[in-house]
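This report describes a single protein chain for a reader who works with coordinates.

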Amino acid sequence: MKYAREEQTYLGFNSGLRQGDALSTVLFNLVLEAALLKIDLRGNISTRTKQLCAYADDVILARTQKALNETFITLQKEAEKMGLIINTNKIKYLQVTRKTNTIKQDIEVAGKSYKVVNQFIYLGSQINSKNLIKEEIRLRIEAGKRNLFANTKLFENKDFNAASKLQIHKSIIRPVVTYGCVTWAMTVTEKNRLLIFERRVLKKI
């Protein structure tokens with residue numbers, strides 16, 4: 001979810017926050033937090049019908065479409081009270097279900113229609129409608145290959161010994177491939193794909 005900053009006359013200021021301003025992120029987070037406190041999120045992660053991932057790009061998670069609608073409308077109203085306008089052009093809708101015969105269609109909230117998608121990137125990780133991790137691992141390996149190619153000269157430089165090159169791999173390439181790996185539930189096949197890439201880098205070293 002994206003927010004557009006509306007120009008306001010508030011507390012003596014005649015203009016809104018500018019992107020890159022030192023106080024911009026702090027003030028934006030304070031205002032957004034005040035809006036989020038208005039949403040009923042009682043219970044814990046296993047009993048709540050709705051969740052919020054309010055970090056950089058905001059994501060609303062809900063077990064039912066009704067809960068999703070209510071949460072979105074409440075957030076929209078509370079944000080507007082403080083001069084924040086949700087950029088509806090950048091909002092997408094993703095449905096995750098085990099049912100194979102479910103027809104996925106655009107969702108309508110507060111009179112506006114939002115496009116349904118099968119996947120999207122959130123904080124650098126891919127989330128998809130089938131909740132499969134293999135596509136995310138494929139993207140991580142591809143990113144690792146690009147990183148490896150970008151550092152080819154370092155690995156081919158004879159002034160660096162094997163230990164130095166290994167340290168470069170551990171500090172530059174491996175973190176790119178394993179980004180977000182603590183949340184992965186992998187199969188043996190997916191583990192082997194990662195090991196194959198690791199051996200490729202070690203061979204290069």
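## Basis and conventions

A salt bridge is taken here as a side-chain nitrogen of Lys or Arg within 4 Å of a carboxyl oxygen of Asp or Glu, and the structure holds 6 of them. The model is a predicted one, in which local features need pLDDT of at least 70 and side-chain atom pairs count only at pLDDT 80 or more, whereas totals for chains, interfaces and linings use all residues. Residues are numbered from 1 along each chain as its sequence is written, and side-chain values use heavy atoms, with hydrogens and water left out.

## Overall make-up

The secondary structure comes to 6 helices and 10 strands, where helices (H or I, at least four residues) and strands (E, at least two) are DSSP runs numbered from the N terminus. Of the 205 residues in the chain, 30% are buried; buried means under 20% relative accessible area, exposed means over 50%, and partly exposed lies in between, with a 1.4 Å probe and protein chains only.

The chain exposes about 14,400 Å², of which carbon and sulfur atoms supply 53%; accessible areas come from the Shrake-Rupley method with a 1.4 Å probe, and for residues only the protein chains shown count as cover. Among contacts (heavy atoms within 4.5 Å) between residues at least 6 apart in sequence, 55% join residues at least 24 apart.

In soluble globular proteins, nonpolar side chains tend to be buried together. A nonpolar core is defined as a set of buried Ala, Val, Leu, Ile, Met, Phe, Trp, Tyr and Cys residues joined through side-chain atoms within 4.5 Å. The largest such core has 18 residues, of which Phe 72, Leu 75, Ile 107 and Tyr 114 touch the most other members. At least two residues of this core are supplied by each of α1, α2 (65-81), β4 (84-87) and β6 (107-109). Another core lies apart from it and has 12 residues, including Phe 155, Ile 168, Ile 173 and Val 201. When neighbours within four places in sequence are left aside, Ile 107 is in contact with Gln 65, Leu 68, Asn 69, Tyr 93, Lys 112, Ser 113 and Tyr 114.

Leu 23 sits in the loop between β1 (2-5) and α1 (24-36), and its relative accessible area of 53% makes Leu 23 exposed.

## Salt bridges within and between helices

Side chains of opposite charge can pair when their charged atoms come close. Glu 78 and Lys 81 form a salt bridge at 3.3 Å, N to O, and, because they are 3 residues apart in helix α2, about one helical turn separates them. Glu 78 counts as buried at 12% relative accessibility, whereas Lys 81 is exposed, with a relative accessible area of 64%.

In helix α3 (residues 134-150), Glu 136 and Arg 140 are 4 residues apart and so are also separated by about one helical turn; the closest N and O atoms of their salt bridge are 3.4 Å apart, and both residues are buried. The salt bridge of Glu 198 with Arg 174 (2.5 Å, N to O) involves two helices, since Glu 198 lies in α6 (residues 188-204) and Arg 174 in α5 (residues 162-177), so that the pair ties together parts 24 residues apart in sequence. Glu 198 is buried at 18% relative accessibility, while Arg 174, at 30%, is partly exposed.

Gly 124, in the loop between β9 (119-122) and β10 (125-128), is partly exposed at 32% relative accessibility. Residues up to four places away in sequence not being counted, Gly 124 touches Glu 136, Arg 140 and Tyr 179; the C-alpha atoms of Gly 124 and Arg 140 are separated by 9.7 Å.

Asn 151 has its place in the loop between α3 and α4 and is buried, with a relative accessible area of 13%. Thr 152, which lies in helix α4 (residues 152-156), is likewise buried at 18% relative accessibility, and its side chain reaches the backbone oxygen of Phe 149 at 2.8 Å.

Notes: A polar contact is a pair of N or O atoms within 3.5 Å; within protein, one must be able to donate a hydrogen and the other to accept it, and residues adjacent in sequence count only if both atoms are side-chain atoms.
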